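Here are my notes on the model. Please read them with the structure open.

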Amino acid sequence: MAGGELVDRYGRNIRKLRLSLTDQCNFRCRYCMPTDAEFMDQKHYLDSQAYCEIIGELMDLGIDEVRITGGEPLLRKEFSTIVQDIAKLGIPKLSLTTNGSLLHHYFDTLKECHVQQINISLDTLRSPVLQAISYHRGLAQIVQNIQTAVQLGFAVKINTVVMSGINDAELFDLVEFAKAQQVTIRFLELMPIGYSRHLYARHFMPAQTLIDRLKAQYNLTPVLTEKDATAFYFRTNCGVQIGFIASESQPFCTNCSRWRLTADGKLFACLFEELGISLKGLTSAQRQNVYQQVLGIKPYRRSPTVNHLMYSIGG
Ligand code: SAM
Ligand code: SF4
Ligand code: SF4
């Protein structure tokens with residue numbers, strides 16, 4: 001079958017898959033999961049063969065990018081095997097989103113599997129703030145892993161969720177950090193998804209407020225991006241690329257090209273859709289039906305909020 005067949009009734013071409021390998025995490029970011037988070041039973045995870053069958057079918061239908069995520073994907077015991085198996089499918093672009101804390105164990109695998117891009121979440125450069133946000137103490141290891149990833153030639157983007165009164169005062173420090181490390185930094189608006197809804201009213205900051213602050217210190221030149229990109233970018237006069245994922249103030253649903261597959265095999269048309277459809281245990285023909293169903297339920301505009309939890313659907 002020719003590629004590019006997953007075009008919905010609004011003309012959006014689905015070509016990117018976010019694949020969650022686990023909902024578990026060694027962090028407890030306040031905007032993502034509660035300290036007493038409940039996780040799915042690991043016996044419900046799909047195995048590598050099942051992920052690959054699905055991805056192979058989706059590649060035939062035009063999916064050309066798989067981003068591995070979670071929860072924290074590096075906690076999945078079979079991480080290396082799964083990535084190696086996916087890489088063998090020859091997907092044009094394979095990338096990873098991680099909190100960065102365990103990356104040093106996986107650089108060899110990621111190189112071997114031609115993972116080009118690694119997005120590393122980093123909300124702060126201060127250990128007490130990292131602890132306050134995520135209950136994690138390993139800031140130095142994350143910073144070291146960012147440096148190593150750059151030295152090894154990975155394209156690294158830092159993802160920072162900006163929260164008013166928590167880490168927004170570090171805006172310039174984070175940009176200067178990105179400049180020193182020669183990486184792109186992206187500032188994410190806080191989304192009112194699942195557990196984070198309790199933070200949203202007090203801590204949401206629109207991207208434009210950050211842009212206005214940055215303009216006081218830098219000249220920002222817009223950078224052209226792909227039509228279906230989640231972020232828009234500027235380059236500063238000192239050469240840093242700064243992106244904004246303004247999911248709330250400037251939603252990008254009209255050009256969305258993404259589906260999500262959870263660790264236990266539920267396919268979601270949208271991050272903000274409450275219901276996914278399980279592919280587990282289905283025949284290939286049955287899965288083809290599900291792909292058409294999911295294409296049909298992709299919303300043109302997202303709902304304002306959603307109950308399910310970010311770590312379970314895959315960020
Ligand atoms: N554990 C990995 C990590 O943190 O990078 C991958 C999964 S995490 C769910 C993916 C991304 O979603 C992270 O960059 C995280 O900061 C972001 N995220 C989680 N909850 C969010 C929320 N409520 N609003 C905005 N971004 C969120
Ligand atoms: Fe874990 Fe990522 Fe969620 Fe933080 S954002 S709790 S690192 S899954
Ligand atoms: Fe795509 Fe849904 Fe996100 Fe909108 S909310 S950009 S439709 S995944």
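1. A word on classes before the ligand site. Ala, Val, Leu, Ile, Met, Phe, Trp, Tyr, Cys and Pro count as nonpolar; Asp, Glu, Lys and Arg count as charged; the others, Gly among them, count as polar. By that scheme, the shell around ligand 1 has eight nonpolar, ten polar and two charged residues. Keep in mind that this is a predicted model.

2. Next, the residues around the ligand. Ligand 1 is surrounded by 20 residues. The closest are Tyr31, Gly71, Thr98, Ser121 and Met191. Three strands each supply at least two residues of this shell: S3 (93–98), S5 and S6.

3. Which atoms of Tyr31, Glu72 and Met191 lie by a nitrogen atom of ligand 1? For Tyr31, a backbone N or O atom lies 3.0 Å from a ligand nitrogen. Met191 also uses a backbone N or O atom, at 2.9 Å from a nitrogen of ligand 1. Glu72 instead places a polar side-chain atom 3.2 Å from a nitrogen atom of the ligand. On its own, ligand 1 has 540 Å² of accessible area, and the protein covers 95% of this.

4. Now helix H8, residues 207–215. Its buried residues are Ala207, Leu210, Ile211 and Leu214. Seen down the axis of H8, they fall within an arc of 100°, so they line one face of the helix.

5. What covers the buried residues of H8? The cover includes helix H6 (171–181). Strands contribute too, among them S5 (155–162), S6 (184–189), S7 (220–223), S8 (232–236) and S9 (241–245). Note that S5 and S6 also supply residues to the shell around ligand 1.

Definitions and conventions: Residues are numbered from 1 along each chain as its sequence is written. Chains are lettered from A and ligands numbered from 1 in the order in which they are written. This is a predicted model: local features need pLDDT of at least 70, side-chain atom pairs count only at pLDDT 80 or more; totals for chains, interfaces and linings use all residues. Side-chain values use heavy atoms; hydrogens and water are left out. Buried means under 20% relative accessible area, exposed over 50%, partly exposed in between (1.4 Å probe, protein chains only). Helices (H or I, at least four residues) and strands (E, at least two) are DSSP runs, numbered from the N terminus. The arc is that of the directions from the helix axis to the C-beta atoms. Contact means heavy atoms within 4.5 Å. A residue is near a molecule or strand if one of its heavy atoms lies within 4 Å of it. A polar contact is a pair of N or O atoms within 3.5 Å; within protein, one must be able to donate a hydrogen and the other to accept it, and residues adjacent in sequence count only if both atoms are side-chain atoms. Accessible areas come from the Shrake-Rupley method with a 1.4 Å probe; for residues, only the protein chains shown count as cover.
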